[in-house]
Amino acid sequence: MRPALRMALYTVGLLLTTVLFPSAARADNPIVQSIYTADPAPLVHNGRVYVYTGHDEDGSTYFTMRDWHVYSSSDLANWTDHGSPMSLATFAWADANAWAGHVTPRNGRFYWYAPVRDRATGSMAIGVAVSDSPTGPFRDAIGRPLVNNGEIDPNVFIDDNGQAYLYWGNPRLWYVRLNTDMISYSGSPTQIPLTTAGYGTRTGNAGRPTLYEEAPWVFKRNGLYYNVFAAECCSEFIAYSTAPSATGPWTYRGTIMPRQGSSFTNHAGIVDFDGGSYFFYHNGALPGGGGFTRSVAVEKFTYNADGTIPTINMTTAGPPQVGTLNPFVRQEAETVAWASGVETEASGEGGMNVGFIENGDHIKVKGVAFGNGASSFTARVASGTSGGRIELRLGSATGTLVGTCTVTGTGGWQNWTSVTCPVSGATGTRDLYLRFAGGSGYLLNLNWWQFTPSGAGGNLLTNGTRYEY
């Protein structure tokens with residue numbers, strides 16, 4: 001991330017803390033602050049919500065996108081960065097435009113449908129990649145486009161009878177019936193009629209008489225089929241239609257999310273998780289954000305009694321946390337509710353780590369359940385310089401200090417060691433801030449952390465001093 005954006009993110013964090021929420025920093029939308037993300041495709045799997053996103057490059061003045069990213073959460077507040085398991089290089093036949101994709105599980109595998117530019121034709125095509133894990137890595141499943149008619153925004157829906165459908169399209173709307181292998185289809189692509197009854201009325205554009213623009217998201221609830229889509233560029237709002245079957249006929253139902261958020265596009269996905277319904281979208285909320293530098297956010301909502309979807313507005317607060325986070329088990333450093341200044345990178349120990357940490361940067365972890373208290377804190381760290389300090393604070397980046405761990409140089413940014421320091425005063429359920437302090441330049445990398453509960457017994461040696469607890 002460019003230094004200007006890093007500084008702007010730090011500044012906006014302060015503003016959100018002191019202006020919007022003077023008593024506490026509660027801004028958790030957008031859900032990713034270290035890069036620009038777009039076109040969310042949420043998936044619920046094994047008690048977690050996974051969100052697959054595109055990646056707008058810093059400073060973009062077009063849809064400059066070269067890879068995709070994955071994030072997951074068990075509480076809709078703290079999100080784990082799983083890095084980039086798929087890029088343009090995954091598709092040897094593609095040369096540009098890693099745009100909005102969709103992932104669906106089947107047969108114990110995960111299939112990622114993605115629009116990219118076909119090198120041979122110079123037009124957009126849809127490829128499919130596969131992985132044995134929701135976090136990848138993904139590989140090209142067929143070595144060529146799955147469909148190739150110059151259109152974008154794939155979405156897959158599997159009906160109750162097992163029939164899978166691939167929808168896509170801008171400016172038109174298409175579907176095919178996928179075979180059970182999920183990498184081939186039967187019959188030919190079918191164009192869905194874009195009628196004003198089905199998709200609303202657009203005025204002033206004879207070539208596009210309906211509101212449908214792009215980004216279909218099809219799902220089924222209580223026997224009713226929904227198609228949520230981006231409507232009437234530009235700027236877009238999110239609308240939806242319903243139908244008695246996966247292929248229609250569709251009836252336009254109205255607006256879900258009005259035009260908001262300083263991005264002229266929007267792209268929605270809806271899932272249910274732990275008894276709640278969640279609406280994912282993107283906007284331009286981060287510093288430097290806009291139509292080509294977007295960020296994924298999420299809101300919780302409740303369907304109306306008749307199955308219609310209420311109006312949903314963008315917020316900076318995001319949804320309420322589902323449960324709490326357990327600090328007494330190992331937590332990945334890249335699991336955060338809000339990050340200021342830091343970035344993530346692939347770790348030599350596997351997975352990701354938080355890096356590029358400078359003085360004053362911090363990460364927030366929301367709803368940490370300390371219970372009766374913690375006695376110590378252990379962190380897995382590395383430093384190619386002289387290190388720095390990890391301040392453990394509650395409530396805000398300048399809140400109550402409950403512990404400080406000193407990190408010395410380890411001889412390299414991926415030469416990992418563990419440090420432990422005593423903790424006092426961390427009780428109850430609180431937002432935890434890991435604030436980093438030290439000299440100039442990069443200080444340290446952080447891979448994971450864990451607290452020890454009070455009363456666990458034992459002693460620890462840190463920085464040459466023995467502490468008993």
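**Burial, pockets and backbone**

Reply: Of the 469 residues of the protein, 58% count as buried, meaning under 20% relative accessible area, with exposed over 50% and partly exposed in between (1.4 Å probe, protein chains only). This is a predicted model, in which local features need pLDDT of at least 70 and side-chain atom pairs count only at pLDDT 80 or more, while totals for chains, interfaces and linings use all residues. Residues are numbered from 1 along each chain as its sequence is written, and side-chain values use heavy atoms, with hydrogens and water left out.

Me: What radius of gyration does the protein have, against that of a compact globule?
Reply: The radius of gyration is taken over C-alpha atoms, and the globule rule is 2.2 Å times the number of residues to the power 0.38. For 469 residues that rule gives a value near 23 Å. The protein agrees with it, at 23 Å.

Me: How many helices and strands does the protein have?
Reply: Helices (H or I, at least four residues) and strands (E, at least two) are DSSP runs, numbered from the N terminus. On that count the protein has two helices and 35 strands.

Me: Which strand gives the most to the lining of the largest pocket?
Reply: On a 1 Å grid over the protein atoms alone, a pocket is an open set of points with protein on both sides within 12 Å along at least five of seven lines, a cavity is a set where a 1.4 Å probe fits but cannot get out, and lining residues have an atom within 4 Å of a point. At least two lining residues come from each of strand 1 (36-45), strand 7 (102-106), strand 11 (155-158), strand 15 (212-221) and strand 19 (269-273). The most, five residues, come from strand 15.

Me: How many residues of the lining of the largest pocket are charged?
Reply: Ala, Val, Leu, Ile, Met, Phe, Trp, Tyr, Cys and Pro count as nonpolar, Asp, Glu, Lys and Arg as charged, and the others, Gly among them, as polar. The lining of the largest pocket has 14 nonpolar and two polar residues, and the charged ones number three.

Me: Which residues lie nearest the centre of the largest cavity?
Reply: The search finds two cavities of 30 Å³ or more, and the largest has a volume of about 130 Å³. Its lining has eight nonpolar, three polar and two charged residues. Among the 13 lining residues of the largest cavity, those nearest its centre are Ser34, Asp81, Glu334, Val336 and Thr344.

Me: Which strands each supply at least two residues of the lining of the second largest cavity?
Reply: The second largest cavity has a volume of about 40 Å³, and its lining includes Pro40, Ala41, Pro216 and Trp217. By class, the lining has six nonpolar, four polar and no charged residues. The strands are strand 1 and strand 15.

Me: Is asparagine 222 buried or exposed?
Reply: Asparagine 222 is found in the loop between strand 15 and strand 16 (224-231). Its phi is near 50 degrees, a positive value in a residue other than glycine. With a relative accessible area of 72%, asparagine 222 is exposed.

Technical notes:
Grid points are joined across faces, edges and corners, and a volume is the space filled by probe spheres set on the points.
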